[in-house]
Each structure stands twice: as structure tokens, then as C-alpha cells.
Amino acid sequence: MRILFPALLGMTLAAVGCSSGEVMEPWDGPTVERGPTTISVDGDPNGLWWDAESATLFMADDENNRVLRYRDGEGISLVADLPSAPADGPGLGALARLADGTLVVVRFGGGTAGDVVYVRPDGTSAKVPNLPPERRRIGITVTADGQLLDGYFVRNNNVNVGSVARLTLDGTEQEVVGALQKPVGVLAVGETLFISDQLAGKVYRAPLSNPSQLVPFATLPSPDLLATGPGDTLLTGSRDGTVLSIRPSGEVRVLAGGFQQPHGIAYDAKNKRIFVADHDGDPSNGTTHTLRILPIDE
């Protein structure tokens, strides 16, 4: 797997055009931005979700308590504002999109105001009722059959106790995995559940049919949110400013570097590119949060 740079990409396309001998019909759709490019965001994107059918990237804006979207040819626009956030900020984490178009977003809450909110297809939003506010939620995923799983931790005497739970929008949250420290990424892929534990420096995997059968999958520094990548790989960011690829064997490779703090990642398989929410964690020289787009070759 490697990052493609524009010069190489242009040479490749030129070679294809010269060898085909065909006259290409003009493309009347938007130009696909494969990058590498950096887009400044009026906000702080954290969780990302790529919807291939609508060619839309959804972003949880942690700075302004809202969901944004990016589309080629349109740029970044507002999807919906979320229900009122806690006084110390929304603390948005990951988001997931259900089959009916509902977007579900977790909010961290700092141990006193954690919750889950969602945006309906018509743009209205609501808060999932009756969830324990002391749970600090960061990750969420949806399974192939439409079940939601979220990750959270509570802090007891300065010790983290983390879990993954099955969540419903009517307000139930039932633990299915325990004994974690700080679960950040939660990702269902086929019949397998992957969990990144940032404090443990591990990514775990388990069968969705029995999530408690958790086993170590990969060891890496400070893994963040998880995404699927090309060739059955997983993608995640690290606090050291790198984006990492995890092969099915558990082997970890640096895919790209030079980021501030990569949080959410999403993969567009059709156009062979990745999106990275790059968080600026150092406000001493000003704060610039960005959306990064990078071409990727399987």
C-alpha cells in the first residue's frame, strides 16, 4: 500500500490514455479531489463517516456541536446542529450512519454529561434518553444488521474502566465487552468487532457473535478512531502524527506522517483516497483544524 503523489498519478493517467486509443467522453460530474490536499475547517472535525452511495463525507464538528458534510464540487456545508451541549463543550467523538440515513454521534461529557445524540434524515436532532452521564463515550459503530455498538469508560479513583455496549436509540446501553482501559475506536467489519484501546496501545478483535472473546490483534502507539482501509486493512491515527495501516496479520505500517493529531479517518474505495480529521492540539501559535485528503494505492 502506498500514497500516490500528483506527478506520478498524472503520468499513470497519461499512459493509460495513450495506450487505449479511445476518445474519452467529457465528464460532467464534479471533479474528484484525491489530494494530497489540506482543507481548513471552520470547526474541529473528529469522527468521520464516508457514505459511498451519496459520495458524502460526514463529520462530527467538536468545536460547534454540529454535523458537517464534504462533497466534491461543493466543499463543506452544514447537515444539522445537535441538541444543546454541556457547558464545557460538546466533546463529540465518532459518528455512524444507519440504513435509513440517521446519523448517530457520541458526546464525551467529561464524566458528568456524556450522552448520545442523533440526526434524522429530515435534519431534526434529538438526544438518546436515560443514558448514564458519567460514561465518557468516544467510539461508535453499526453492524451489518443495523445494531449500534459504542465504547466508553468511567474513571474510578483516577483509574479508567472501559467497556463496549450495545446501544439502542430508545435509551438502552448493555455492556458486551469489559476490562478495557480507554476504548476509542469501535468498528464492526463483517462478523468481527475491532476495538482500539488508547491507553493499552492495542487494537483488539472479537467475534460479533460473542464480543467477550476478545484477543489482541495489533500493538501500536496511542491508536485513535478506526476505519476500514483497502485490502482488508484497518486504518487509525496516532498521537505521534502518523496514520497507520494494520494488515489482516496484525502487522502495523506507517501509511503517512506529518499530521498534527489525526483523529477520525474514512476511506473512499471507489476513488482510492482517505480522509483524515487533523486536530490542532497546540493553541499556543493559533489553532487550525483541517480535513486532509490523500490518494492511496492498494
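So, how many bridges pair strand 19 and strand 20, and in which sense, parallel or antiparallel? Hold that one for a minute.

Quick caveats. This is a predicted model, where local features need pLDDT of at least 70, side-chain atom pairs count only at pLDDT 80 or more, and totals for chains, interfaces and linings use all residues. Residues are numbered from 1 along each chain as its sequence is written, and side-chain values use heavy atoms, with hydrogens and water left out.

Okay, the overall picture. The C-alpha trace spans about 65 × 45 × 40 Å along its principal axes. Of the 298 residues, 50% count as buried, where buried means under 20% relative accessible area, exposed over 50%, and partly exposed in between, with a 1.4 Å probe and protein chains only.

Back to my opening question. Strand 19 and strand 20, residues 234–238, pair in the antiparallel sense over four bridges; for a pair to count, DSSP has to find at least two bridges between the strands. Within that pair, L226 sits opposite T236 of strand 20. Zooming out, four strands make an open sheet in the order 19-20-21-22, with antiparallel pairing. Strand 19 (223–228) and strand 22 (252–256) are the edges, and each has a single partner strand, so one side of each is left without a neighbour in the sheet.

As a general rule, in soluble globular proteins nonpolar side chains tend to be buried together. Take V104: leaving aside neighbours within four places in sequence, its contacts include L95, V116, I140, L148 and L169, with contact meaning heavy atoms within 4.5 Å.

Now the loops, for those of you who like backbone torsions. The G35 to P36 peptide bond is cis, with omega near 5 degrees, and P36 is in the loop between helix 1 (6–20) and strand 2. A55 has phi near 50 degrees, positive in a residue other than glycine. That residue, A55, is in the loop between strand 3 and strand 4 (56–61), and is partly exposed at 35% relative accessibility. K272 also isn't a glycine, and has a positive phi of about 50 degrees. You'll find K272 in the loop between strand 23 (261–268) and strand 24 (273–279), partly exposed at 34%.

Last stop, D42, in the loop between strand 2 (37–40) and strand 3 (45–51). Buried or exposed? D42 is exposed, because its relative accessible area is 63%. Not counting residues up to four places away in sequence, D42 touches D61, N64 and R66. And D42 and E63, 21 residues apart in sequence, are 8.7 Å apart C-alpha to C-alpha.

Notes: Helix = DSSP H or I, 4+ residues; strand = E, 2+ residues; numbered from the N terminus.
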